[in-house]
Amino acid sequence: MLLFSSSARGQSTASKTDTVEVKTETYTESMPIFPGGKPGESFQEASQRFIHFLTDSLTFPPKAIRDGVQGKVLFSFKVNAQGRTSDIKLVQGLRADVDAAVLQNAHRMDRIQWVPGMQNHKPVSVAYTVPISFNVHTNGRETLAGDSLDRGPYQKLVLPLMEWNSDRRQIPAGKGLIYGSCIQRLGGNSSLGLGEYVRLVNVSTGKAFRIMVKPAMKSRRENAFCYALPAGRYALFIYEFPDAKWGPYQLHLENIRKSTPAQDASSLQATRFQFVVEAGKLHYVGTWNLANENQPVFLDEKTILDTRIQASYESVKFGEAKLAVPR
């Protein structure tokens with residue numbers, strides 16, 4: 001299973017006022033785009049091409065298969081301002097033969113010409129970290145670690161949903177409204193000005209969604225969110241957050257999982273935190289505390305949040321919300 005650090009696109013506006021005039025400054029950034037698509041294709045399609053490029057030619061060492069090796073290899077690389085791949089190196093190894101196979105495959109990127117990342121309309125160097133997980137059974141067959149979400153098509157990046165706001169009154173047909181708050185991961189001493197996201201999978205329909213849980217260019221550690229989602233059962237999939245240790249201008253991807261031994265991971269109920277959305281209903285999904293690595297905590301703090309955000313959503317009757325804290 002492969003997860004990769006993917007794109008972040010943010011735009012914010014800040015005002016500076018003096019005694020003469022008001023000036024407006026706009027900050028924009030975009031991540032590199034893997035080549036091969038047709039004009040007009042979205043970044044999510046480019047992301048999927050990148051995944052296929054890395055996984056299609058990766059050969060797992062036969063001896064590692066016989067030995068039943070399992071674990072994770074992390075390697076990093078940069079896409080420089082010219083759109084060329086550089087500085088491919090091992091970040092976390094598993095064992096020598098597996099590490100060598102991963103790096104050899106990664107060096108296929110040496111010949112790739114990317115569309116470079118941009119910051120304020122200027123090309124910049126962008127760092128990526130790629131974790132590749134292996135779980136190999138002793139019967140000689142290579143399998144992927146994790147559950148059905150890891151093995152599904154949900155690595156494809158989707159654009160974030162539009163957040164619900166006070167101007168919207170009626171819940172769209174077939175959808176329910178969710179709200180809650182998220183305590184973010186602090187990336188070193190800063191969030192690097194990037195937004196943070198949680199990817200959700202509607203296990204009833206097989207569709208993935210991406211919601212922003214921390215706006216770009218905001219320093220508040222805990223932020224409220226409110227979104228309309230199609231009805232169904234949802235599993236939390238991936239938390240996207242910036243962390244300086246993984247490189248600048250990069251979102252690190254972390255699986256949101258329960259602490260379930262591999263041998264007990266027989267169902268999504270055992271491995272993933274889930275909640276249900278009903279059409280036409282309002283749902284409180286709790287405080288999502290993602291501050292600690294691989295230790296998600298979901299709290300019922302409804303009364304506190306309702307009081308804090310009611311003025312921002314005058315048309316939403318938070319007191320009538322159903323409890324849908326992920327379990």
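The side chains of D147 and R272 meet in a salt bridge, with N and O 2.8 Å apart. A salt bridge here is a side-chain nitrogen of Lys or Arg within 4 Å of a carboxyl oxygen of Asp or Glu. The pair links distant parts of the chain, 125 residues apart. D147 sits in the loop between β8 (142-143) and α4 (148-151). R272 sits in the loop between α5 (268-271) and β15. Helices (H or I, at least four residues) and strands (E, at least two) are DSSP runs, numbered from the N terminus. Both D147 and R272 are buried. Buried means under 20% relative accessible area, exposed over 50%, and partly exposed in between (1.4 Å probe, protein chains only).

The model is predicted: local features need pLDDT of at least 70, side-chain atom pairs count only at pLDDT 80 or more, and totals for chains, interfaces and linings use all residues. Residues are numbered from 1 along each chain as its sequence is written, and side-chain values use heavy atoms, with hydrogens and water left out.

R272 also forms a salt bridge with D150, at 3.2 Å from N to O. This pair too links distant parts of the chain: R272 lies in the loop between α5 and β15, D150 in helix α4, 122 residues away. The relative accessible area of R272 is 0%, so R272 is buried. D150 counts as buried at 5% relative accessibility. Through shared partners, salt bridges join D147, D150, R257 and R272 into one network. The count of salt bridges comes to 12. Another of them pairs R95 with D97, whose closest N and O atoms are 2.8 Å apart. R95 counts as partly exposed, at 25% relative accessibility. D97 is partly exposed as well, with a relative accessible area of 26%.

The protein chain has 6 helices and 18 strands. Of its 327 residues, 49% are buried. Contact means heavy atoms within 4.5 Å. Among contacts in the chain with a separation of 6 or more, 71% involve residues 24 or more positions apart. The accessible surface comes to about 16,000 Å², and carbon and sulfur atoms hold 50% of it. Accessible areas come from the Shrake-Rupley method with a 1.4 Å probe; for residues, only the protein chains shown count as cover.

A nonpolar core is a set of buried Ala, Val, Leu, Ile, Met, Phe, Trp, Tyr and Cys residues joined through side-chain atoms within 4.5 Å. The largest such core has 37 residues. Y179, V198, L200, F225, L236, F275 and W288 have the most contacts inside it. At least two core residues each come from β9 (175-183), β10 (196-202), β11 (207-214), β12 (222-230), β13 (232-242), β15 (274-277), β16 (282-289) and α6 (302-309). β12 supplies the largest share, 5 residues. Leaving aside residues up to four places away in sequence, V198 touches F209, R210, I211, V213, L236, I238, Y239, I256, W288 and L290. Another core, of 26 residues, lies apart from the largest one. V73, I112, Y128 and V130 are among its members.

Strand β16 is largely enclosed by the rest of the structure, because 8 of its 8 residues are buried. Two strands pair if DSSP finds at least two bridges between them. β9 and β16 run parallel and are joined by 6 bridges. Here I183 stands opposite N289 in β16. β16 also pairs with β18 (322-323) in the parallel sense, over 2 bridges. H283 has K322 in β18 as its bridge partner. With β17 (residues 297-299), β16 pairs in the antiparallel sense over 3 bridges. T287 is partnered by L299 in β17.

Helix α6 has K302, L305, D306 and I309 as its buried residues. They lie on the same side of α6, because they cover an arc of only 100° around the axis. The arc is that of the directions from the helix axis to the C-beta atoms. An α-helix has 3.6 residues a turn, so residues three or four places apart point the same way. The buried residues of α6 pack against β9, β12, β16 and β18. The face turned away from this buried side carries the exposed residues T303, I304 and T307.
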